[in-house]
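Let's take a look at this one together. Have the sequence and the 3D view open as you read.

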Amino acid sequence: MTQAALSQADRNAASRSPEGVGRGVGGFLRASLVERREAAIVIVAIALFAYFTAASSNFLTVPDMQNLSQFIGPVAVIGAGEVFLLVCAEVDLSAGTVFVFMPFVVYFLDTGLGVPLILAIIVAVAVGALVGAVNGLITTALRVPSFIATLGMLFLLDGIMLIASNAAQLTMPTSGTLSSVFGGWGWSEILWSLAVVAVLYVLLNRTRFGMHAIATGGNLIGAAEAGVPVNRVKIWCFMLCSAVSGLIGIVDATRITVLDPGNTGTTEMFYAISAAVIGGTALTGGSGTVIGGFIGAVVLGVLFVGLTIVGISANAFILILGLAILAAMVANVQIAKLSQKRRAAT
Amino acid sequence: MSAEALVGSTDDAAGRDDILRVEGIAKRFGSVVALRGVDMHLGRGEVLGLVGDNGAGKTTLVKILCGYQRPDSGRMYIDGERVELHSVGDARAKGIETVYQDLALVPQLPVYKNLFLKREIVAGGRLGFLSDRKMRALARQYLADIKVNVPSVDAPVDRLSGGQRQAIAVARATRSEVKILLLDEPLSAMGAKESALIIDLVRDLARSRGVSIVVIDHNYAHVFELCDRINVIHQGRVSFDRQVAETSLEELTDYMVSEYRQQVSSGRAER
């Protein structure tokens, strides 16, 4: 590690230049924008919400709000998991597939083997964590970039799912109150989602683990030199992302009741990463916001449901999603540049 | 026994109360001899500059001192006691801290979290909830103690100047029980004002806190500003050992040039 550090140090020698600290009245607004990246996306979310409420009397109604909440749920939870990986400068492309795969695990345990439903759910979430551990080990111990490692895992899980189900649709097992809690009741999905997002927010911002994840992504070599177990931190983040994706997958499948092996889960995964990015999480590691990711999911949901209600084809949603991601990334880069300029100016 | 009294004393007088002493340190990598018997000592509260061109063995010596590599032969004493360092953690446990040139800071984390990285103050046992208020207060207190000025302990490190970052890295290394501090090019890529800040910090740590410091640097002028004594590592040995007060930049430069001339066949040159 020291060897790496010393040679790294030699290479960095030229690139470091002294910088001042930005101040000034005019800089305050920009400063708050830089520090609170969520602020901009909150405004966008509120504006969209207001627009659709005004454009259609159907938007702000119980059934549509429930639809909205059911769109937001999975995207927000998988997105929060992805934030942890993006913070570590990694990514999990298999999270969406874990999301659709774990209900199958519940099905085969419960309907197939007669395992009690609650136990089947717990085991399935644990299997999710295990998938994450494998992703993490392939990335850290075998040094395969996470993009490739999790891409492989995506197809692997998809293949297993197709073989095990014989590519036929199945019915999610249910059991009274338990199933109501796990997605059967219309609002349960968003409650699970809010709970997971709240826990992950605290984990990232208020605990030693979250701080170590930021350190790992912010300066891998430096964190390791300081004694942070960077590989272990990454593996935990992979496990966390997969476990919560599996959990919300089970909730989502219980609500829908149909298990469709034709769904690879990539749509959910891309929405989730989009939500994280639109919410202000950079892909460079070292920074990320769980709350931003949640609001990003809200924006996507409002767009998706809102456009459908005002009668614009769902295809337009895809177009707008593309524009939104591009706009968010351009804003991210520009804001970073702006803060650099502020520093250089003094 | 007065630690401060020895600062700036002559070589012979420093002998008995050295915090660190190495004898006959040798290291070879295959057929390449990196170190061929280094004898070196470091007084309490002394700032020692290690200079030498690339390939002279400077880097290897530092890696041995910080526990990253083990020498093939030779002895090392801390506080007069024979020690063998098996790892960086081992060296750390014996009070040797290293500040690498990349500083090992996390740019996105605030100053106080960088100061406490891996030594966080937490509540809630295994859950590890950060005690931000305590860490902030202690960080403020400690930075004031060693006279390091930052806009705020809440400022992310990437908002700080190069000098302030260096100061934070040094502060982190010295916050715990540190006897020997190894600094790798602490003044690189820094303006005059910034350099003055770090020079003051290093001198102050040595003088009033009794930290013994080894500075590794390519830049002779930096070493003259920072150090009490200078050792030149040349072809795997300490070939020049003078108090800064007893030598000059001219003498050192002349010495290095004559060493180069003798070494022309090897074709090595300063970058």
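Predicted model: local features only at pLDDT ≥ 70, side-chain atom pairs only at ≥ 80, totals over all residues.

For chain A the average pLDDT comes out at 86, with 86% of the residues scoring at least 70. The stretch to watch is residues 1-25 of chain A, where the pLDDT is below 50. That stretch still has 54 contacts in the model beyond near neighbours in sequence.

## What chain A is built from

Chain A has 15 helices and two strands. Of its 346 residues, 49% are buried.

How do the contacts in chain A split by separation? Counting those with a separation of 6 or more, 80% are between residues 24 or more positions apart.

## Two domains in chain B

On to chain B, where the domain assignment gives two pieces. Domain 1 of chain B is made of residues 4-95 plus 177-266, while domain 2 covers 110-176. Their C-alpha centres sit 28 Å apart.

## Where the domains touch

The contact between them uses 13 residues from domain 1 of chain B and twelve from domain 2 of chain B. Which element gives the largest share of the domain 1 side? That's helix H7 of chain B (residues 192-209), with six residues.

Terms used
Residues numbered from 1 in each chain as written. Chains lettered and ligands numbered in written order. Domains from an automatic or database assignment. Contact = placed C-beta atoms within 7 Å. Helix = DSSP H or I, 4+ residues; strand = E, 2+ residues; numbered from the N terminus. pLDDT = per-residue confidence, 0-100. Buried ≥ 20, exposed ≤ 12 C-beta atoms within 10 Å, placed from the backbone.
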